[in-house]
Amino acid sequence: MSGRRHTPEPGTTPVLRVVTDDGRRFRFAQAFHAGRGKDCEVRIDHGEVSRHHLEVVFDNGLWAVRDLGSGNGVFVDGERVDYMPIDGALAVTLGHDGPVLTLEVESATSARRTPTRTPIQKSDHGVSSEHQWVRNKYLGPEDTSAPAGPQTMIVRRVLKEHHQKQRRWFVAVVSTLVIALAVTGGYAYYKHRQLQQQRATAVDLFYAMKGLDFDIANVEKSVAASASSQGADQIRSYREKRLEMERTYDKFLVNLDLYNRPLTEQELLILRVTRLLGECDIAAPPEYINEVMTYINKWRSSGRYARAVALAKEKGYTKRIADEFLAQNLPPQFFYLAMQESDFDPLITGPPTRYGFAKGMWQFIPETGKRYGLTIGPLANVARPDAGDDRHKWDRATVAAAKYIKDIYATDAQASALLVMASYNWGEHRVIDLVRTLTPNPRERNFWKLLEKYRSRIPSQTYNYVFYIVSAAVIGENPRLFGFPLDPPLGFLEPPARAGL
């Protein structure tokens with residue numbers, strides 16, 4: 001050890017209290033050493049501390065700290081010192097970021113002094129040494145073994161009362177916050193439940209409309225079969241009720257955020273067309289919109305859409321086809337089914353099937369064409385146009401197609417144009433037989449439920465067929481929105497007519 005040790009005369013040296021970072025307490029009336037060495041009175045095992053780091057001596061009437069040439073130094077207030085008197089109280093750091101020693105002179109006069117140099121150092125618990133010193137001095141237990149002067153005891157009591165007030169204030173603030181959070185959470189839960197109920201009501205309303213569409217289709221089919229005017233009043237009443245339900249449903253969509261997330265203009269249009277085609281827009285699966293967009297991009301990747309629309313307009317097909325489906329109280333968007341079948345080519349012949357060649361704009365096979373009043377020509381089994389075959393006469397074939405689709409519409413397809421499209425492509429009996437295995441609840445009888453249960457059985461051709469038609473109908477509502485420099489093919493229709501109402 002270096003430096004001299006002062007041994008004061010008995011009774012003349014005030015007691016020095018020492019507190020280490022780890023809570024050990026010492027009282028000295030004579031000089032002592034601090035360091036890692038086993039012979040140090042205050043032993044501190046720390047990497048920043050030298051074997052004999054510092055000496056505390058009583059010098060010229062004051063206790064003082066002296067650095068013993070330590071490797072990492074002694075710091076007060078962040079400044080390295082070689083020698084520092086202790087005027088009442090002092091906190092020293094052994095090494096720049098090492099442990100802290102709190103030194104306090106035990107005397108009535110010293111207890112009243114304000115420590116002049118007390119660096120703020122963080123303990124392992126994130127509490128500064130200055131704060132720790134104040135805690136030890138003023139907030140420690142009143143019956144501590146270390147003596148305290150009367151002023152210290154008064155300060156302890158005052159701070160204790162203040163601490164209790166702060167604690168009561170803190171509890172009150174936390175309680176208020178908890179109540180506020182509970183109220184906010186309760187309100188959020190209430191709004192969520194309210195939205196869920198509104199969604200359920202809207203879905204119920206949609207399927208009530210679907211049920212009415214189904215009833216209208218069947219009454220119309222019955223009236224047509226009997227060639228009677230009976231039932232006309234019932235159909236009119238059903239349609240008026242259907243229109244009122246449609247208006248109420250529109251109000252739900254306008255006034256309430258029932259889609260659960262903000263939607264782009266393109267996404268909203270996809271859902272609106274889906275609703276026109278008889279499937280519930282609110283209940284659409286999350287992946288449905290993306291799938292429709294995939295097929296819109298497929299249309300966009302070729303010039304087929306523009307060519308087909310231009311041909312239909314040039315030949316006068318568009319209005320006649322739309323009018324024929326509206327006459328059957330069907331969505332005029334079935335116009336795009338002919339686009340997918342033939343690109344509006346009335347002379348086209350499809351590939352051979354076990355039922356014979358499909359021919360014409362609507363690609364009727366011989367048996368179905370004959371069932372709906374079309375004359376099948378002598379070249380039915382030959383892959384070329386036949387002047388004697390009504391399937392090549394687009395106007396007659398369109399009337400037959402509208403009737404055929406109306407009949408599918410009134411079956412267990414339950415007024416879903418998507419199920420009708422699948423039936424038209426794959427065969428109505430195949431699709432309807434699968435639909436009949438689904439739960440009778442109309443909510444569970446839709447195109448999405450059919451895919452969910454039977455996707456592996458439905459041919460990819462049929463899946464593509466449906467999505468090509470749906471995506472074509474979406475584009476047709478606003479072609480420029482999707483990058484097509486065209487006017488809407490069905491834009492000449494009034495909005496109610498475009499909805500098939």
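Predicted model: local features only at pLDDT ≥ 70, side-chain atom pairs only at ≥ 80, totals over all residues.

Modeller: Buried means under 20% relative accessible area, exposed means over 50%, and partly exposed is in between (1.4 Å probe, protein chains only). Residues are numbered from 1 along each chain as its sequence is written, and side-chain values use heavy atoms, leaving out hydrogens and water.

The protein's mean pLDDT is 83, with 81% of its residues at 70 or more. Helix H1 (residues 108-112) has the lowest confidence, a mean of 40, while helix H9 (residues 335-342) has the highest, at 98.

Now for the pairs. The structure holds 26 salt bridges, each being a side-chain nitrogen of Lys or Arg within 4 Å of a carboxyl oxygen of Asp or Glu.

Let's start with Glu106 and Arg17, whose side chains meet in a salt bridge at 3.1 Å, N to O. Glu106 sits in strand E11 (residues 100-106) and Arg17 in strand E1, so this pair ties together parts 89 residues apart in sequence. Helices (H or I, at least four residues) and strands (E, at least two) are DSSP runs, numbered from the N terminus. Both Glu106 and Arg17 are buried.

Stay with Arg17 for a moment, as its strand has a partner. Strand E1 (residues 15-19) runs antiparallel to strand E2 (residues 25-28), and 4 bridges join them; strands pair if DSSP finds at least two bridges between them. Arg17 has Arg27 in E2 as its bridge partner. The hairpin of E1 and E2 has 5 residues between the strands, and Gly23 in this hairpin takes a positive phi near 95°.

Next, look at Arg371 and Glu428, where the closest N and O atoms of the salt bridge are 3.6 Å apart. Arg371 is in helix H10 (residues 366-371) and Glu428 in helix H13 (residues 428-435), so the pair links distant parts of the chain, 57 residues apart. Arg371 is partly exposed, at 41% relative accessible area, whereas Glu428 counts as buried at 14%.

Glu444 and Lys449 make another salt bridge, with their closest N and O atoms 3.5 Å apart. Glu444 is partly exposed at 28%, and Lys449 is partly exposed at 26%.

Finally, find the network: salt bridges link Asp213, Arg242, Glu246, Asp250 and Arg275.

Key: pLDDT = per-residue confidence, 0-100.
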